[in-house]
Amino acid sequence: MKTKIFAIATATALLASTAVAQDFSAPLKARQGQFRIIALNLGILGGMAQGKIAYDADAAQRAADSLAAVSQIDPAPLWPEDSDNEMTEGTRALPAIWTDHDGFLDKWATFGTAAAGMQSVAANGQEALGPAMGPLGASCKGCHATYRAK
Amino acid sequence: MLFLRIFFIVALLAGAAAWWLTRAVPLPPTAMAYLEGDAVQGEAVFLAAGCASCHSAAGSEDKRLLSGGQRFTSEFGTFVAPNISPDPLHGLGGWTLDQFASAVKRGVSPDGRHYYPAFPYAAYIRMTDQDVADLWAFWQGLPHSAEPSQPHDLVFPFSIRRSAGIWKLLFLNDDWVMQGDLDPQLQRGRYLVEALAHCGECHTPRGPMGELTTSRWLAGAPNPAGPGRVPGLTPGQLEWSAEEIAYYLETGFTPDYDSAGGHMVDVIGNFAALTAEDRAAVAAYVKAVPPVAGQP
């Protein structure tokens, strides 16, 4: 009985240590950088929409193009299994990303649609930005509600 | 022998007094008399009070179908939000306005039992009677759900509903947390934050009986739903301007264009549907929250 418990404990410890041994720092940096690029460009467009930054059609178009470009990045290499906030330090990614991966990819596609919408109107004038910001914000929240902690 | 008899009588009286003190007390039957509810006004109350954030089905996009079923873990056990749709069998269909008002403002069910304070009646107790009447008028137009309510899964002695009577004796009152002379905008903000939106339920730390520690009002608390913390909103903790807070409540974007996550997404969905004046009032209130000792 005792040896059995010992064996189970050893096996558990081994399993646990393999989990810890996985290094996800590269995909974590990559996906967090991707969101940082999104945030920076949303800041430009949101600032112009609110009138805090002077509207500049060219700068708005470049920001929208960047959003659309990020939406084209293949998510697969950025989200390896077990790189969730229960198995890995330094991430708010919830396990639901992997238990409901199709739902997660759906949300990412929603961002792509919203980014394309912004891309098609960003150069049309300051008043075009606000309505296009709505779907972008909704796509962020729509995903974070289910797949990100806090 | 005489001593024993006196002891017995005293114990009996004390028991009876405790039983009486912890009983469920509904609103007086005349409280809601002569009030006409306005369903259009009631929709704004419904949104600001965040009813759907807890009572819609978990993960559901339909924020009007209040079928219940979301689970809320706590150190007292797991609370399961009930079906509160207007369905006559599984929801509130057969209720009167008086019964609804007693539930919302006193935590008392139509059959005279206590609700647990996971239902934030400790905030709703500050609601105006007119808002309750408007809310009830709006309720009548909500879709029905035939989903049966699930029982809570609580730890003894909290599994006994009478324990909520003791909790109410100690902690249920309708005093405002923010005192003093407030201008009309701050009064509106206080009403939204303290009465309807019940922000303190997550943003204020709780004491040993789950009561809100009002001396640390909105100073942040452990996240009840998992790892991490619910952020504090006091000066020094939240450095955003009032304008930035209002923009966050409308769009979910922080000043550096991160975006809200978790339960706050539902809250922002509600605030986004309120008026810009209401969002500005909440922002003004948050900026007026006093600092808390021991916070950076």
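The axes of helix 3 of chain A and helix 5 of chain A come within 8 Å of each other and cross at roughly 155 degrees. This is a predicted model, where local features need pLDDT of at least 70 and side-chain atom pairs count only at pLDDT 80 or more, while totals for chains, interfaces and linings use all residues. Residues are numbered from 1 along each chain as its sequence is written, chains are lettered from A and ligands numbered from 1 in the order in which they are written, and side-chain values use heavy atoms, with hydrogens and water left out.

**Helices 3 and 5 of chain A**

- Helix 3 of chain A and helix 5 of chain A are therefore roughly antiparallel (angles under 35 degrees count as roughly parallel, over 145 as roughly antiparallel, 65 to 115 as roughly perpendicular and the rest as oblique).
- Axes here are lines fitted to C-alpha atoms, for helices over the stretch in contact, and angles run from 0 to 180 degrees between N-to-C directions.
- Helix 3 of chain A passes helix 5 of chain A in a left-handed crossing (the near helix is turned anticlockwise from the far one by less than a right angle; clockwise would be right-handed).
- By class, the contact of helix 3 with helix 5 of chain A has 8 nonpolar, 4 polar and 1 charged residues (Ala, Val, Leu, Ile, Met, Phe, Trp, Tyr, Cys and Pro count as nonpolar, Asp, Glu, Lys and Arg as charged, and the others, Gly among them, as polar).

**Helices 2 and 3 of chain A**

- Helix 2 (residues 25–50) and helix 3 (residues 57–71) of chain A have axes that come within 9 Å and cross at roughly 150 degrees (helices, H or I, at least four residues, and strands, E, at least two, are DSSP runs numbered from the N terminus).
- That angle makes helix 2 of chain A roughly antiparallel to helix 3 of chain A.
- The crossing of helix 2 of chain A with helix 3 of chain A is left-handed.
- Residues meeting here include A:Ile37 and A:Leu45 from helix 2 of chain A, plus A:Ala63 and A:Val70 from helix 3 of chain A.
- Sorted by class, the contact of helix 2 with helix 3 of chain A has 12 nonpolar, 3 polar and no charged residues.

**Helices 10 and 12 of chain B**

- Over in chain B, the axes of helix 10 (residues 242–251) and helix 12 (residues 276–288) come within 8 Å and cross at roughly 130 degrees.
- Helix 10 and helix 12 of chain B are therefore oblique to each other.
- The crossing of helix 10 and helix 12 of chain B is right-handed.
- Contact residues include B:Ile245 and B:Glu250 of helix 10 of chain B, and B:Arg279 and B:Lys287 of helix 12 of chain B.

**The second largest pocket**

- The second largest pocket is lined by 28 residues, and nearest its centre lie A:Arg31, A:Phe35, A:His144, A:Arg148 and B:Asp258.
- Helix 2 of chain A gives the most to this lining, with 8 residues.
- The lining of the second largest pocket has 15 nonpolar, 7 polar and 6 charged residues.
- On a 1 Å grid over the protein atoms alone, a pocket is an open set of points where a 1.4 Å probe fits, with protein on both sides within 12 Å along at least five of seven lines, and lining residues have an atom within 4 Å of a point.

- The peptide bond from B:Phe156 to B:Pro157 is cis, with omega near 5 degrees.
- B:His198 is not a glycine, yet has a positive phi of about 40 degrees.

Technical notes: Contact means heavy atoms within 4.5 Å.
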